[in-house]
Amino acid sequence: MPFAPVNGINLYYEVHGSGPAVLFAHGQGGNHLSWWRQVPYFSPHYTCITFDHRAFGQSLDLDGKGRRGFGDDAMGLLDHLGIDDVRVVAHSMGGRCATALATRDPKNRVRALVLSGTTGAVADEAVRLRRDEAEAARDGRGLGAFSVHPSYKESDPAGYFLLRQISRMNPGRPKDFLGPPNPPPPLEGAPPRVPMYERLRENATPVLYLVGEHDMITPADLIEMCHRLVPDSQYHLARGSGHSVYWESPDEFNEVTLQYLLEIDSGRSRVPSK
């Protein structure tokens with residue numbers, strides 16, 4: 001089985017298809033298997049790289065870096081595979097990995113980001129307030145209860161069963177694994193931290209925000225706020241879907257995402273908002 005020795009751990013990954021590279025970064029409830037509806041669709045056009053974030057699937061968090069290691073893990077994986085040009089498709093938790101890779105990689109390899117059901121760490125005070133409101137509306141229930149629209153369990157019981165089974169393959173993690181990391185104390189005289197939206201603007205990374213109409217983890221209006229913070233980003237609303245558009249509405253997700261990436265690669269980057 002393919003493991004990449006990167007950033008202090010062995011990172012599980014798979015490579016399918018041919019063409020320019022696309023890295024798929026899964027969310028909290030998933031692992032590399034989550035992209036089973038995307039890989040066959042994209043592999044005739046792109047080399048599809050799926051992987052397990054550390055502490056998910058077959059990638060163990062042996063040194064305890066947790067989510068702080070996500071961006072460096074992705075850079076190490078691209079180095080291991082010898083990839084100098086990549087597009088990143090990320091869902092939920094994977095968005096932080098994606099934007100870290102886009103803004104911190106010294107090789108500047110990211111050509112485009114597709115951020116599905118995630119802010120990608122983009123925030124200002126208004127976004128943080130709306131995020132807190134969304135958390136309060138979940139009334140203390142775990143995120144797993146909101147991973148898909150409530151009707152999905154009945155409309156596609158087989159799909160819902162598979163979704164849960166893939167999630168159960170992940171090892172146990174501390175409850176605060178995805179909690180905000182404790183930032184190091186600022187150095188005296190150091191410049192203020194640059195917000196993620198300004199970093200994305202500085203390196204001109206093309207971004208498509210994609211969100212489900214009924215997303216209760218990252219509500220559509222919250223994601224639209226992030227879209228407006230990132231100059232020239234695109235926004236797509238998937239009607240009828242919950243948080244996991246790539247899973248609940250895979251045909252729409254695949255079509256919109258592939259169109260966006262192909263337009264970026266051909267020098268055109270306009271995806272009509274819905």
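**View 1. Helix H7 and what its buried residues touch.** In helix H7 (residues 196-203), the residues that count as buried are Met 196, Tyr 197 and Leu 200. Look down the axis of H7 and these buried residues fall within an arc of 100 degrees, so they line one face of the helix. That arc is taken from the directions that run from the helix axis to the C-beta atoms. "Buried" here means under 20% relative accessible area, "exposed" means over 50%, and "partly exposed" is in between (1.4 Å probe, protein chains only). Helices (H or I, at least four residues) and strands (E, at least two) are DSSP runs, numbered from the N terminus. The packing partners of the buried H7 residues are helix H3 (94-104), strand S6 (110-116) and helix H8 (220-229). Just past the end of H7, Ala 204 has a positive phi of about 55 degrees.

A word on the model itself: it is predicted, so local features need pLDDT of at least 70 and side-chain atom pairs count only at pLDDT 80 or more, while totals for chains, interfaces and linings use all residues. Residues are numbered from 1 along each chain as its sequence is written, and side-chain values use heavy atoms, with hydrogens and water left out.

View 2. H3 is mostly covered, with eight of its eleven residues buried. Those buried residues are Gly 94, Gly 95, Cys 97, Ala 98, Thr 99, Ala 100, Leu 101 and Ala 102. The cover over them includes strand S3 (21-25), strand S4 (47-51), helix H2 (70-81) and strand S5 (86-91), along with S6 and H7. Contact, for this and the other views, means heavy atoms within 4.5 Å.

**View 3. Two residues in the loop between H3 and S6.** Asp 105 is in the loop between H3 and S6, and with 7% relative accessibility Asp 105 counts as buried. Setting aside neighbours within four places in sequence, Asp 105 is in contact with Met 75 and Ala 100. Asn 108 is also found in the loop between H3 and S6, but Asn 108 counts as partly exposed, at 41% relative accessibility. The phi of Asn 108 is near 50 degrees, a positive value in a residue other than glycine. For context, most residues other than glycine have a negative phi.

**View 4. Asn 7 in the loop between S1 and S2.** Asn 7 lies in the loop that runs between strand S1 (3-6) and strand S2 (9-17). Its phi is near 50 degrees, again positive in a residue other than glycine. With a relative accessible area of 26%, Asn 7 is partly exposed.

View 5. Searching the whole structure turns up eight aromatic pairs. Rings of Phe, Tyr and Trp (its six-membered ring) pair if their centres lie within 6.5 Å; planes under 30 degrees apart are stacked, over 60 edge-to-face, and the rest tilted. Tyr 246 and Trp 247 make an edge-to-face pair, 6.2 Å centre to centre with 80 degrees between the planes, and both residues are buried. Tyr 246 also pairs edge-to-face with Phe 253, at 6.3 Å centre to centre and 65 degrees between the planes; Phe 253 is buried, as is Tyr 246. Ring pairs link Phe 24, Trp 35, Trp 36, Tyr 41, Phe 42, Tyr 246, Trp 247 and Phe 253 into a cluster. Check out Arg 37, too: its charged end sits over the ring of Trp 36, 5.3 Å from the ring centre. That label needs NZ of Lys or CZ of Arg within 6 Å of the ring centre and within 35 degrees of the ring normal.

**View 6. Arg 228 on helix H8.** Arg 228 is part of helix H8 and is exposed, with a relative accessible area of 61%. The side chains of Arg 228 and Glu 224 are joined by a polar contact of 2.7 Å. A polar contact is a pair of N or O atoms within 3.5 Å; within protein, one must be able to donate a hydrogen and the other to accept it, and residues adjacent in sequence count only if both atoms are side-chain atoms.

**View 7. Cys 48 and Cys 97.** The whole structure has zero disulfides, a disulfide being a pair of cysteine sulfur atoms within 2.5 Å. For Cys 48, the closest cysteine sulfur is in Cys 97, 16 Å away and too far for a bond. Cys 48 is buried at a relative accessible area of 0%, and Cys 97 counts as buried at 1% relative accessibility.
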